[in-house]
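User: I'd like to go through this structure step by step. Can you help me read it?

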Amino acid sequence: MIVDRNGNTTIITQENATVKTLVQNIEQAYDSYKNEHLVVNLSSLDKITSEEIIEFLRLSKTHRGAKKSFVLVSNKVDLVNMPDEIIVVPTIQEAFDIIEMEDIDGEKHF
């Protein structure tokens, strides 16, 4: 996995690992990401199933429960069948837009 940082956001890009292995790797290193917004870029995958997206469910709930954004990026998944607890967008730019909107929404609640 490739890890890049952009301000208060960490972008994790999937390389060769399976989705299950990627989730395990993120969970093992979670302490270094827990205070930042997370974008997981799955664009390099040729195909991704709803079951593979659900692998991220626990991680998404944990991260969003800590008031941090968690966004998956893939343009190869059926967005209609995604659980509400997981945000999936087709581009990195849309992931940053989601984070910006959630930041603004979070500020309104203080």
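User: Which residues is Leu 42 in contact with, leaving aside its neighbours within four places in sequence?
Analyst: First, a heads-up: this is a predicted model, where local features need pLDDT of at least 70, side-chain atom pairs count only at pLDDT 80 or more, and totals for chains, interfaces and linings use all residues. Residues are numbered from 1 along each chain as its sequence is written, and side-chain values use heavy atoms, with hydrogens and water left out. Contact means heavy atoms within 4.5 Å. With those neighbours set aside, the contacts of Leu 42 are Gln 14, Leu 22, Ile 48, Ile 53, Phe 56, Leu 72, Val 73 and Ser 74.

User: Is Leu 42 buried or exposed?
Analyst: Leu 42 sits in the loop between β3 and α2 (50-54); helices (H or I, at least four residues) and strands (E, at least two) are DSSP runs, numbered from the N terminus. Buried means under 20% relative accessible area and exposed over 50%, with partly exposed in between (1.4 Å probe, protein chains only). Leu 42 has 0% relative accessibility, so it counts as buried.

User: Why do the buried residues of α1 line one face of the helix?
Analyst: Those residues are Val 19, Leu 22, Val 23 and Ile 26. The arc is taken from the directions from the helix axis to the C-beta atoms. Looking down the axis of α1, they line one face because they fall within an arc of 100°.

User: Which exposed residues are on the face of α3 turned away from its buried side?
Analyst: In α3 (residues 57-65), the buried ones are Leu 59, Ser 60 and His 63. Turned away from that side is the face with Arg 58 and Gly 65.
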